[in-house]
Amino acid sequence: MKSLISEFKTFISRGNVVDLAVGIIIGSAFTAIVNSLVNDIIMPIISILTGGIHFEAWKIALGSGAEAPVLALGSFIAAVLDFIIVAFVVFMVVKAVNKATSLAKKEEAEEAPTTKKCPYCLSEIPIEATRCAHCTSELPKEE
C-alpha cells in the first residue's frame, strides 16, 4: 500500500500532470470564449445573411402523431456550422500565437553575437578578447 501511495505522489508531482491540469483549465475557459464568439457574434451575423433562417427548426417527421420520430437535420447542420466556425476561430488564434512566437524568436536571433572564432586555432572566444585563451595568439584589432 505504501508503494502505491509513493508511486501516486511521484506521478502527481511530475510536471506533466500539473501542465495537463493547467491546460485543461485554460482550455475550458477558452472554450467558453470561443462558444460565446460563435453563438453571440458570428451566428447572429450568419442568421442575418441567411434571412433569419433558424436551422434548428428544420425537421423531417418520420411518422404521424405527437410522438413520431423526427430527423433533426437542422440541428445537425447547425452543429456542423458551429464546428467549422469554432475550428476556424481556433485556427486563427493558433496562427496568431505562432506568428507572435516566430517574431519573438526572430528578435532573439538578431541580437549581436557574443563570441567569435580565433583566426589561428578556430576556437570560440569572447567577442571582446584581444588574445586567444586556447592558443594564446594575439588577435588582430577589428575596425
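Start with helix H3, which spans residues 73–109: Phe-88 and Phe-91 sit 3 residues apart in it, so about one helical turn separates them. Keep in mind that this is a predicted model. The chain has 143 residues, and 13% of them are buried.

**The aromatic pair**
- Searching the whole structure turns up 1 aromatic pair.
- Its partners are Phe-88 and Phe-91, with ring centres 6.5 Å apart and planes at 35° to each other, which makes the pair tilted.
- Phe-91 is partly exposed, as its relative accessible area comes to 47%.

**The nonpolar patch**
- Helix H3 also shows up in a nonpolar surface patch, giving 6 residues, the largest share.
- The patch covers about 1000 Å², and its members include Ile-53, Trp-58, Leu-71, Phe-76, Ile-77 and Phe-83.
- Take Ile-77 as an example: this patch member lies in helix H3.

**The salt bridge**
- A search of the whole structure comes back with 1 salt bridge.
- That bridge links Arg-131 and Glu-138, whose closest N and O atoms are 3.4 Å apart.
- How exposed are the two partners, Arg-131 and Glu-138? Arg-131 is partly exposed at 46% relative accessible area, while Glu-138 has 56% and counts as exposed.

**The fold from end to end**
- You'll find 3 helices and 4 strands in the chain.
- Reading from the N terminus, the order goes α-α-β-β-α-β-β.

**Overall shape and surface**
- The radius of gyration of the chain is 31 Å, whereas a compact globule of 143 residues would come in near 15 Å.
- Along the principal axes, the C-alpha atoms take up a box of roughly 100 × 60 × 20 Å.
- Look at contacts with a separation of 6 or more, and 19% of them join residues 24 or more positions apart.

Note on methods: Residues are numbered from 1 along each chain as its sequence is written. This is a predicted model: local features need pLDDT of at least 70, side-chain atom pairs count only at pLDDT 80 or more; totals for chains, interfaces and linings use all residues. Side-chain values use heavy atoms; hydrogens and water are left out. Rings of Phe, Tyr and Trp (its six-membered ring) pair if their centres lie within 6.5 Å; planes under 30 degrees apart count as stacked, over 60 as edge-to-face and the rest as tilted. Helices (H or I, at least four residues) and strands (E, at least two) are DSSP runs, numbered from the N terminus. Buried means under 20% relative accessible area, exposed over 50%, partly exposed in between (1.4 Å probe, protein chains only). Patches are made of residues with over 30% relative accessible area and no salt bridge: like charges are joined within 9 Å, nonpolar side chains (Val, Leu, Ile, Met, Phe, Trp, Tyr) within 5 Å. Accessible areas come from the Shrake-Rupley method with a 1.4 Å probe; for residues, only the protein chains shown count as cover. A salt bridge is a side-chain nitrogen of Lys or Arg within 4 Å of a carboxyl oxygen of Asp or Glu. The radius of gyration is taken over C-alpha atoms; the globule rule is 2.2 Å times the number of residues to the power 0.38. Contact means heavy atoms within 4.5 Å.
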